[in-house]
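Q: Got a model open here and want to talk it through. Can you take my questions as they come?

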Amino acid sequence: MSYVETLVAMLGPWSWHVAGLILLGLEILVPGTFFLWFGVSALLVGTLALFVDLPWEVALLLFMAIALICLFVGRNVMRNRGTREGDDALNRRGQRYMGRQFVLEEPVDQGTGRLKVDDTIWRVIGPDLAAGTRVTVTGISGSSLVIEPAEKP
């Protein structure tokens with residue numbers, strides 16, 4: 001009898017819990033959610049084996065069946081959970097300012113100028129406008145905001 005067989009015989013149903021914890025530990029080391037379902041399955045079989053005396057063959061078949069069910073259900077759950085949870089404009093900061101209105105602190109001269117937005121100074125492109133003019137951001141051109149005079153309410 002090998003060392004593993006002796007250990008499994010000695011631990012009895014708790015060997016399923018040990019296997020489940022090892023599989024859950026592998027889930028931390030390996031990317032994806034593959035070992036998670038096998039670990040959950042092993043823990044479920046181990047818990048059932050604590051209450052019902054299962055021959056090892058039945059426990060193994062039960063483990064495989066529960067693992068396949070968990071795998072397919074888990075994959076569907078993970079696939080259907082919202083993948084678009086982040087900010088669409090995260091790496092395109094100028095997109096956040098589209099449609100917003102600001103007041104020019106400096107004039108726009110010869111089609112270019114600067115506009116302070118929050119704590120950042122942006123280069124702006126648009127018609128020549130005087131300081132104090134209310135403008136609307138209508139687009140982005142490279143790293144510059146495209147502006148137009150705001151419509152009067």
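This is a predicted model: local features need pLDDT of at least 70, side-chain atom pairs count only at pLDDT 80 or more; totals for chains, interfaces and linings use all residues.

Q: Which helix holds L48?
A: Helix α3. Helices (H or I, at least four residues) and strands (E, at least two) are DSSP runs, numbered from the N terminus.

Q: Which nonpolar surface patch includes L48?
A: One of about 1,100 Å². Its residues include L11, W14, V18, I22, L48, L50 and F51. Patches are made of residues with over 30% relative accessible area and no salt bridge; like charges are joined within 9 Å, nonpolar side chains (Val, Leu, Ile, Met, Phe, Trp, Tyr) within 5 Å.

Q: Which elements give two or more residues to it?
A: α2 (14-29) and α3 (35-51). The largest share, six residues, comes from α2.

Q: New topic. How many helices and strands in the chain?
A: Four helices and five strands. Along the sequence the pattern reads α-α-α-α-β-β-β-β-β.

Q: What's the strand order in the sheet?
A: β1-β4-β5-β3-β2, an open sheet with mixed pairing. Two strands pair if DSSP finds at least two bridges between them.

Q: Which strands are at the edges?
A: β1 and β2 (112-117), each pairing on one side only. The twist averages 50° from one strand to the next. For that, axes are lines fitted to C-alpha atoms, for helices over the stretch in contact, and angles run from 0 to 180 degrees between N-to-C directions.

Q: How many bridges join β1 to β4?
A: Three, between residues 101-103 and residues 134-141, and the two strands run antiparallel. F102 stands opposite V135 there.

Q: What does V135 stand opposite in β5?
A: P149. Six bridges join β4 to β5 (residues 144-149), again antiparallel. G139 stands opposite V146.

Q: Which residue in that hairpin takes a positive phi?
A: G142, near 65°. The hairpin has two residues between the strands.

Q: Switching to charges. How many salt bridges?
A: The count comes to one. A salt bridge is a side-chain nitrogen of Lys or Arg within 4 Å of a carboxyl oxygen of Asp or Glu.

Q: Which residue does E106 pair with?
A: R114, with the closest N and O atoms 3.0 Å apart. E106 is partly exposed at 34% relative accessible area, and R114 is partly exposed at 43%.

Q: Last one: what are the chain totals for burial and surface?
A: Buried residues make up 28% of the 153 residues. The accessible surface comes to about 10,600 Å², of which 63% belongs to carbon and sulfur atoms. Areas come from the Shrake-Rupley method with a 1.4 Å probe; for residues, only the protein chains shown count as cover.

Conventions
Residues are numbered from 1 along each chain as its sequence is written. Side-chain values use heavy atoms; hydrogens and water are left out. Buried means under 20% relative accessible area, exposed over 50%, partly exposed in between (1.4 Å probe, protein chains only).
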